[in-house]
Amino acid sequence: TSASTVAVSAKEGPANKIDLKFKRVTLMLTNMKNSTQYLARGIQAFEDMHSTYLAMCLQKVITRKGVLDYFHGDQVCASFGGSRPCSLHAEMAARCACDIHQPTEPAMELYTGLASGKAYCGDLGCSEMKSFT
């Protein structure tokens, strides 16, 4: 199917144009179970674990042709098929989730969820700040 485009203009001019494309995408959200327990070991232990976790997630997402959209604390959100074309978006996201749940050193318990379907994707925001969504 071809992607449809929605164009909305609040004011005249290209800076205010919203260009959304209708796509099939899969989102993956993951976070660490009991991540705050590392704070009890000290801020350095928490920073080390967070850095290891984020680097691992990023590597696995990129390997499966996804995009790490954001992280907030220990929550990571990745998309497959949104900003980067991926015809097998659901399969790649599922494989990525399985990859992330492989045993790690140090051991981490993770929660992961997947959602797949149709979405409007594109840059949204105002003239001062835009973000792909």
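The structure is a predicted model, in which local features need pLDDT of at least 70 and side-chain atom pairs count only at pLDDT 80 or more, while totals for chains, interfaces and linings use all residues. Residues are numbered from 1 along each chain as its sequence is written, and side-chain values use heavy atoms, with hydrogens and water left out.

The protein has two helices and seven strands, where helices (H or I, at least four residues) and strands (E, at least two) are DSSP runs numbered from the N terminus. Read from the N terminus on, these elements follow the order β-β-α-β-β-α-β-β-β. Buried residues make up 29% of the 133 residues. The accessible surface, computed by the Shrake-Rupley method with a 1.4 Å probe, comes to about 8500 Å², and 56% of this surface belongs to carbon and sulfur atoms. With a contact taken as heavy atoms within 4.5 Å, residues 24 or more positions apart account for 57% of the contacts that have a separation of 6 or more.

Helix α1 spans residues 43–63 and contains V61 as well as H50. V61 is buried, with a relative accessible area of 0%, and, when neighbours within four places in sequence are left aside, V61 is in contact with M28, G66, V67, L68, A78, F80 and C96. The C-alpha atoms of V61 and I100 are separated by 8.8 Å, although these residues are 39 residues apart along the chain.

Helix α2, residues 89–100, has 12 residues and reaches 16 Å from its first C-alpha to its last, close to the expected 16 Å, the expected span being 1.5 Å times one less than the number of residues. In α2, the residues H89, M92, A93, C96, A97, D99 and I100 are buried. They cover an arc of only 160 degrees around the axis, and therefore lie on the same side of α2, the arc being that of the directions from the helix axis to the C-beta atoms. An α-helix has 3.6 residues a turn, so residues three or four places apart point the same way.

Strand β6 (residues 123–126) and strand β7 (residues 129–132) pair in the antiparallel sense over four bridges, pairing being assigned if DSSP finds at least two bridges between two strands. L124 has S131 in β7 as its bridge partner, and the two strands form a hairpin with two residues between them.

Positive phi values occur in loops at two residues other than glycine. N34, in the loop between β2 (17–32) and α1, has a phi of about 55 degrees and is partly exposed, with a relative accessible area of 48%. K65, in the loop between α1 and β3 (67–72), has a phi near 65 degrees and is likewise partly exposed, with a relative accessible area of 43%.

How values were computed: Buried < 20%, exposed > 50% of the residue type's maximum accessible area, 1.4 Å probe, protein only.
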